[in-house]
Amino acid sequence: MNCFDCPIMCGADREAGEKGVCGVGAQSCIARAARHYYEEPPISGTRGSGAVFFMGCNMRCVFCQNIGISTVGSDPSCGALPADEDALADIMLRLQELGSHNINLVTPTPHIRLIEKAIPKARERGLLIPIVCNTNGYERVESLKRLEGLIDIYLPDLKYVSPRLAERYSGRADYFEYASRAVDEMQRQTGTLELDDEGIAKRGLIVRHLVLPCAVDETRRVLDYIASALPKETCVSLMSQYTPIPGMKKPLDRRLTKAEYSRAVDHALALGLDNLFIQKMSSADSAFTPEFNGYFE
Ligand code: SF4
């Protein structure tokens with residue numbers, strides 16, 4: 001069956017072993033499954049988010065922190081685990097046993113065909129915690145509709161509005177065309193964020209945006225869009241954690257300045273986006289990027 005699951009619609013015959021532009025073929029692989037403590041507070045809570053890091057990605061961001069797993073095969077030493085739907089259901093149940101607040105599917109888009117089978121299996125076998133779809137936002141609405149009723153919390157990026165910047169930094173000029181419709185669909189499916197009595201997310205949408213150096217004007221465009229298209233109570237996570245990888249060219253060769261981040265935060269607040277997660281500037285550290293060493297808790 002040819003794959004048209006993401007906006008690239010490359011048509012790879014994955015069951016026949018052909019790899020798509022995302023690098024994923026017949027077999028999904030998991031680089032790491034473990035509790036993760038560096039998501040937003042309602043996602044990580046006190047006991048951690050049960051993160052499942054998949055190999056492969058449908059974007060090619062020049063600043064990617066997870067390059068060893070987003071480009072399948074570029075880091076054969078990472079010890080990725082091939083996973084079918086039963087194996088993925090087992091992993092979800094193990095993460096629940098360890099006390100995770102949720103199951104956090106990281107970069108799930110190329111694996112939708114696996115995920116849509118694994119979640120019902122895990123539920124049948126006793127999975128009770130919410131499922132988080134942690135995505136770069138470059139999604140087809142048709143594919144998201146297949147996840148309706150399976151995903152409890154959507155955690156998408158909204159990276160760019162401008163085609164020029166989306167092309168320059170992620171190789172996807174049509175990013176906003178797809179991501180804006182995807183976020184709208186996510187809002188329709190789950191609504192705005194709902195928390196339990198302990199402040200842990202039960203259901204809803206958190207839109208993430210990473211502020212980039214020399215790109216606060218782009219951040220303002222993204223925030224303007226959120227304020228105009230989504231409910232004012234939409235939860236927005238404005239991230240300051242940009243960390244340059246070795247060899248980055250200007251202007252991405254430095255961290256964000258405090259002044260840049262303050263301008264971004266001030267703009268969000270001026271738009272009335274009060275449900276805002278902000279980060280300390282000290283979050284810009286590669287220590288917040290997990291090691292993809294194949295470790296399964
Ligand atoms: S998910 Fe991968 S194989 Fe499927 S259309 Fe997108 S790039 Fe191609």
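Colleague: Where does P251 sit?
Modeller: P251 is in the loop between β9 and α9. Helices (H or I, at least four residues) and strands (E, at least two) are DSSP runs, numbered from the N terminus. The model is predicted, so local features need pLDDT of at least 70 and side-chain atom pairs 80 or more, while totals for chains, interfaces and linings use all residues. Residues are numbered from 1 along each chain as its sequence is written, and side-chain values use heavy atoms, without hydrogens or water.

Colleague: What joins K250 and P251?
Modeller: A cis peptide bond, with omega about 0 degrees. Most peptide bonds are trans.

Colleague: Now β9. Why is it called largely enclosed?
Modeller: Because five of the five residues in β9 (residues 235-239) are buried, meaning under 20% relative accessible area with a 1.4 Å probe and protein chains only (over 50% is exposed, in between is partly exposed).

Colleague: Which way do they point?
Modeller: C235, S237 and M239 point one way, and V236 and L238 the other.

Colleague: How many bridges between β8 and β9?
Modeller: Five, in the parallel sense, with β8 covering residues 201-210. Pairing needs at least two DSSP bridges. L210 has M239 of β9 as its bridge partner. From β8 the chain crosses through α8 (residues 216-229) to β9 in a right-handed β-α-β crossover. Right-handed means that, with the strands pointing away from the viewer, the path from the first strand over the helix to the second runs clockwise.

Colleague: And β10?
Modeller: β10 (residues 276-278) runs parallel to β9, joined by three bridges. L238 is opposite I278 there. β9, α9 (residues 258-270) and β10 also form a right-handed β-α-β unit.

Colleague: Which residues surround the ligand?
Modeller: C3, F4, D5, C6, M9, C10, R14, G20, V21, C22 and P110.

Colleague: What about phi at T107 and C214?
Modeller: T107 has a positive phi of about 55 degrees, in the loop between β4 (103-106) and α4 (112-124). C214 has a positive phi of about 60 degrees, in the loop between β8 and α8. Neither is a glycine. Most residues other than glycine have a negative phi.

Colleague: Is C214 buried or exposed?
Modeller: Exposed, at 55% relative accessibility.

Colleague: And Y178, buried or exposed?
Modeller: Buried, at 15%. Y178 is in α7 (residues 175-190). The C-alpha atoms of Y178 and P7 are 7.2 Å apart, although 171 residues separate them along the chain.

Terms used: A residue is near a molecule or strand if one of its heavy atoms lies within 4 Å of it.
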